[in-house]
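I opened this model to go through its contacts and pairings one at a time. The notes below follow the order in which I looked things up.

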Amino acid sequence: LPSRIIRFPWQLVKAKVRRTIEEALKVWSDVTPLTFTEVQEGRADIVIDFTRYWHGDNLPFDGPGGILAHAFFPKTHREGDVHFDYDETWTIGNNLGTDLLQVAAHEFGHVLGLQHTAVSKSLMSPFYIFRYPLSLSEDDKQGIQYLYGKPSVHPDPTPTQPAELPQPDLETNEITNVEALQPDACLTAFDAAATIRGELFFFSSRFVWRLRAGRLQDGYPALASRHWQGIPSSVDATFEDPLGNIWFFQDSQYWIYDGERRVSGPTPITELGLPASPVQAALVWGAEKNKIYIFSGGNYWRFNPQRRQVDNIYPRAMADWRGVPAEIDAAFQDELGFAYFLRGRDYWKFDPVQVKVLEGYPRQISQDFFSCTPSS
C-alpha cells in the first residue's frame, strides 16, 4: 500500500518523520500480509498531513493539547486520510512532548479498519499514554489479523482486502460529519458548565462549547468525547478540583479525568456520601477555589475532593443562596469570584460579598455568552 506525507511538523526534520512513519506502519505489517511503501507524488492509499484548526474535513483541531490526530476508516468518504495537529509538540521516543511514533501507529490502525478497544495497554486504546518501546497487545494483533490475516510465508502480490467492516457510528474516531447535528447555542438549555484550565465550557447532550476570554472558539460546538473519550453521552454536572482533576457526573455515577486521560469511573456517587439521585450542578467557589458545592433536588452539600467525601451527609437548603432558584441545571464561578447559576436558558449572577443574586437577573445565557439576539 503506498503512503504519502503532504506536510511535516516544524519541530522534526523530514528524514526523521519519514523513518518514524515507516516504523509506525511496520508495526502492522509485521503481523499481517500487508506491505507499505512511501511515494512522494501520485496516488497513495494512505495520505498523511500535519495541519491546523479548520482544515477541510469538519473536524477542526484545537491547538496545543486536546485532539492530537484523527484518521478515516476504510469505505468512508475520506478513507486513508490521517491528520495530525501541527500545533502539538511532536517528539520521537520520549515523553517531552507527544510521541509521533505512538500516535501515528494508533491512527494507522484506524486507517486499516480498527476501532478503539477497552483493553488497557493496547495501542488502540483511546487514551494516549507514552510507552516505550512500542508494541502491540494481543488484542491489537487479533483485531488486525481478523481483518487481514496472519503474515504469509510466500506473500501474495495481490493487495489484501480487509474483511467486511462494521459501519462506524457518530463517535468512531470523529469520522462522521456532525455539523448538521450540532445544536444551536441560541436555542439550547445547557446541562452543565464549568471553568476548566481557565476556559469556560458549556455542555448539552453530547456536545460542548468552549469559550476563551469570552469568545467562542473555532470548531465548537464539538463532541465532548473529542476531549474526554469515554465520558457518558450526556453530562449532568462537572467541575475542576484544586489539583486539576476534572469530575463528570451523570445520573448516580461519576468519572474523574486527569486532563483528557480517564483515571477512574464510572463510580457510584454514594461512595462520596451523596444520595443515589442525579447531581444537578457542581460549583467550585472561593478565591482559592477550595470550596466545592454539589447541588441536587433543591439541596446542596459541601464536598472535599481530597477525601472524596461530603463534609456532612445531611444537606443544606438552597435558600442559603439568596435569589437562586431551588432547582438549577449548572453552576460555575468566573475569574472575579462571581457565581453563575443556570436553569433552562436563563442564568442568575451571585455576588460573593453581598451573598445574594445581583439586581436585574435572570438574564439569557444565549444573549450574554453567545451574542444571540434576545428572545421574547
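**Salt bridges**

I began with Asp311, whose side chain forms a salt bridge with Arg307. The closest N and O atoms of Asp311 and Arg307 are 3.3 Å apart. The model is predicted, so I take this as a computed distance within the 4 Å cut-off for a salt bridge. I then checked how open the two residues are. Asp311 has a relative accessibility of 43% and is partly exposed; Arg307 is also partly exposed, at 48%.

Next I looked for salt bridges that share partners, and I noted one network made of Glu199, Arg210 and Arg212. Within it I looked up the pair Arg212 and Glu199, where the closest N and O atoms come to 2.4 Å. Which strands hold these two residues? Arg212 belongs to strand 10, residues 207-212, and Glu199 to strand 9, residues 199-204. The two are 13 residues apart, and the pair links distant parts of the chain. For Glu199 I read a relative accessible area of 9%; Glu199 is therefore buried, the limit being under 20%. Arg212 comes out at 36%, which is partly exposed.

I took Asp45 and Arg43 as a further pair. Their side chains meet in a salt bridge with an N to O distance of 2.6 Å. Asp45 is partly exposed at 26% relative accessibility, whereas Arg43 is exposed at 64%. For the whole structure, the search returned 15 salt bridges.

**Disulfide**

How many disulfides does a search of the whole structure find? I got one. It joins Cys186 to Cys372, with the sulfur atoms 1.9 Å apart. I read the torsion about the S-S bond as about -80°, so this disulfide is left-handed.

I then placed the two cysteines along the chain. Cys186 sits in the loop between helix 3 (138-148) and strand 8 (192-196). Cys372 is in the segment after helix 4 (365-370). The pair therefore ties together parts that are 186 residues apart in sequence. On accessibility, I noted Cys186 as partly exposed at 27% and Cys372 as buried at 9%.

I turned to the open sheet of four strands, which has the order 13-14-15-16 and antiparallel pairing. Which strands stand at the edges? They are strand 13 (237-240) and strand 16 (261-268). Each has a single partner strand, so one side of each is left without a neighbour in the sheet. From one strand to the next, I found that the twist averages 15°.

I looked at one pairing in detail. Strand 13 and strand 14 (residues 245-250) run antiparallel and are joined by four bridges. Ala237 stands opposite Phe249 of strand 14.

**Parallel pairings of strand 1**

Strand 1, residues 2-5, was the next item. It runs parallel to strand 2 (residues 37-38), with two bridges between them. I listed Thr37 in strand 2 as the bridge partner of Pro2. The chain gets from strand 1 to strand 2 through helix 1 (residues 14-29), and I noted this β-α-β crossover as right-handed.

Strand 1 also pairs with strand 3 (residues 46-51), in the parallel sense and over three bridges. Here I found Ser3 bridged to Ile46 of strand 3.

**Annotated positions**

Is Glu107 buried or exposed? I found Glu107 in helix 2, residues 100-111. Its relative accessible area is 5%, so Glu107 counts as buried.

Terms used: Residues numbered from 1 in each chain as written. Predicted model: local features only at pLDDT ≥ 70, side-chain atom pairs only at ≥ 80, totals over all residues. Heavy atoms only, no water. Buried < 20%, exposed > 50% of the residue type's maximum accessible area, 1.4 Å probe, protein only. Pairing = 2+ DSSP bridges. Axes fitted to C-alpha atoms, helices over the stretch in contact; angles between N-to-C directions. Disulfide = S-S within 2.5 Å. Right-handed = clockwise from strand over helix to strand, strands pointing away.
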